[in-house]
Amino acid sequence: MLNMIDKATKAVEWVVVALAALGSAIIVIQMVWISYGVFMRYVIGQPDRMVTEATALLLFPVALVGLAYAMREDSYPRVTLLTDAFSPSLQKLIALMNGTIMALIGVFFSITTVNATIRAFNSGSSSEILSWPRYLFWGVAAVALCVFTLYATLRLLQIALRPPPSKDVSDGMV
């Protein structure tokens, strides 16, 4: 069972890395577009109204496409001063509770963004200046959050099925 979950996790990690690459591409697009906007405003003297709306619209999906990648790289902040002193089984229990909370939050936000994507698609709403369909931005966020939720659930199963790590014995050397 654990072997199958490990393989599924590795497969989902390909999507996780692809989403992170998409996020970095969006950031490059924003950087170029904002630079263009600054040039137009301060050098040419004709501000471009599209820059502000475009960067604001692109900020929402870029904020979410890296969630699963941050989990993959174990980049979420964590205070371990107290938990490092616990027994391995208690550390595993805390890791399970943390993973459960992350997966449940992912489920909530996945449902929310999928519903918002469907509502934006059905209503045909678009941005004010650019007239870009809003469901495109909600859709990227929904995919990112669904992938995060799937990945968080797989990681939670890995924690649950693996035995607790053995306690490291310190040799007094720093």
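These legends describe close-up views of a predicted model.

**View 1. The largest pocket of the model and its lining.**
The largest pocket holds about 830 Å³ of space. Its lining is made up of 25 residues. Those that lie nearest the centre of the pocket are D74, R78, A95, N98 and I159. By type, the lining of the largest pocket has 13 nonpolar, 6 polar and 6 charged residues. Rolling a probe the size of a water molecule over the atoms shows where empty space is left.

**View 2. Helices that line the largest pocket.**
Helix α4 covers residues 88-123 and helix α5 covers residues 134-161. Each of α4 and α5 supplies at least two residues of the lining of the largest pocket. Which helix gives the largest share of this lining? The largest share comes from α4, with 7 residues.

**View 3. The packing of α4 against α5.**
The two helix axes come within 8 Å and cross at roughly 160°. An angle over 145 degrees counts as roughly antiparallel, so α4 and α5 are roughly antiparallel to each other. The crossing in which α4 passes α5 is left-handed. In the contact of α4 with α5 there are 21 nonpolar, 9 polar and 2 charged residues.

**View 4. The packing of α1 against α5.**
Helix α1 spans residues 2-44. The axes of α1 and α5 are 9 Å apart, and the helices pack at an angle of about 150°. With the limit for roughly antiparallel set at over 145 degrees, α1 and α5 are therefore roughly antiparallel to each other. The crossing of α1 and α5 is left-handed.

**View 5. Residue A160 and its distance to L96.**
A160 is part of helix α5. Along the chain, A160 and L96 are 64 residues apart. Their C-alpha atoms are separated by 6.7 Å. The relative accessibility of A160 is 37%. Values under 20% count as buried and values over 50% as exposed, so A160 is counted as partly exposed.

**View 6. Residue I27 and its distance to M97.**
I27 belongs to helix α1. How far apart are the C-alpha atoms of I27 and M97? The separation of these C-alpha atoms is 33 Å, and the two residues are 70 residues apart along the chain. I27 counts as partly exposed because its relative accessibility is 47%.

**View 7. Residue D74 in the loop between α3 and α4.**
Helix α3 covers residues 67-72, and D74 sits in the loop between α3 and α4. Most residues other than glycine have a negative phi. D74 is not a glycine, yet its phi is positive, at about 55°. Its relative accessible area is 46%, so D74 is partly exposed. D74 is also one of the residues that lie nearest the centre of the largest pocket.

**View 8. Residue S131 in the loop between α4 and α5.**
Where is S131 found? S131 is in the loop between α4 and α5. S131 has a positive phi of about 60°, although it is not a glycine. Is S131 buried or partly exposed? At 48% relative accessibility, S131 counts as partly exposed, because the class of exposed residues begins over 50%.

How values were computed. Residues numbered from 1 in each chain as written. Predicted model: local features only at pLDDT ≥ 70, side-chain atom pairs only at ≥ 80, totals over all residues. Heavy atoms only, no water. 1 Å grid on protein atoms, 1.4 Å probe; cavity = no way out; pocket = protein on both sides within 12 Å on 5 of 7 lines; lining within 4 Å. Points joined across faces, edges and corners; volume = space filled by probe spheres on them. Helix = DSSP H or I, 4+ residues; strand = E, 2+ residues; numbered from the N terminus. Nonpolar A, V, L, I, M, F, W, Y, C, P; charged D, E, K, R; others polar. Axes fitted to C-alpha atoms, helices over the stretch in contact; angles between N-to-C directions. Parallel < 35°, antiparallel > 145°, perpendicular 65-115°, else oblique. Left-handed = near helix turned anticlockwise from the far one by under 90°. Buried < 20%, exposed > 50% of the residue type's maximum accessible area, 1.4 Å probe, protein only.
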